[in-house]
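The exercises below ask you to work through one model step by step, and each task is followed by its solution. Please try each task on the coordinates before you read on.

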Amino acid sequence: MNLNTKFLKFLAIGIINTTINYFLFVLLYLTLDWHYLISGTIGFLSGAVSGYILNRRISFKSKVKFTKGGIKYLLIQIICLALHVSIQYFSVSILGIMEIYSQIIGILFTTFLNFFLINKFVFSS
């Protein structure tokens, strides 16, 4: 499967993951009044779990063992999460963007890095 096809499938699955991510973020931040960085972290991680399962099967059609790939995937998600939270913090504290939008900005920035890293290190053939 070529890189463009993988990326398009990755983006389609990303819509599902982003919906889960943002729904939880809004629920925790607006409804339960949790701190935006904690809400953002939980939202990000929820999207990452569904992302691994769906991308392994659909985007990359990977035969990598679930646990072996999962460990590598988790490490990459930690890197992307650190970047995501940093972007959220920078967006709110430095740029003055409202917290509710910081989650979307973090998602947009980490999408491409996430794809590149999991394609290269988790699901490479």
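A residue is called buried when its relative accessible area is under 20%, exposed when that area is over 50%, and partly exposed in between, with a 1.4 Å probe and protein chains only. The model is predicted, so local features need pLDDT of at least 70 and side-chain atom pairs count only at pLDDT 80 or more, while totals for chains, interfaces and linings use all residues. Residues are numbered from 1 along each chain as its sequence is written, and side-chain values use heavy atoms, with hydrogens and water left out.

**Exercise 1. Decide whether H84 is buried or exposed, and find which residues it is in contact with.**

Step two is the accessibility: because its relative accessible area is 0%, H84 is buried. Step three is the list of contacts (heavy atoms within 4.5 Å): leaving aside neighbours within four places in sequence, H84 is in contact with G40, F44, Q103, G106, I107 and T110. As a further check on the fold, the C-alpha atoms of H84 and S39 are separated by 12 Å, although these residues are 45 residues apart along the chain.

**Exercise 2. Which residues other than glycine have a positive phi, and are they buried or exposed?**

Most residues other than glycine have a negative phi. D33, in the loop between α1 and α2, has a phi near 60 degrees, and D33 counts as exposed because its relative accessibility is 64%. K61, in the loop between α2 and α3, has a positive phi of about 40 degrees, and K61 is exposed, with a relative accessible area of 52%.

**Exercise 3. Describe the largest nonpolar core and identify what F60 touches.**

A nonpolar core is a set of buried Ala, Val, Leu, Ile, Met, Phe, Trp, Tyr and Cys residues joined through side-chain atoms within 4.5 Å. The largest one has 16 residues, and those with the most contacts inside it are F10, F60, Y73, I76, I118, V122 and F123. Two or more residues come from each of α1, α2, α3 and α4, with α3 giving the most to this core, four residues. Not counting residues up to four places away in sequence, F60 touches K6, F10, N55, F115, I118, N119 and F123. A second, separate core of six residues includes F25, L37, V92 and I100.
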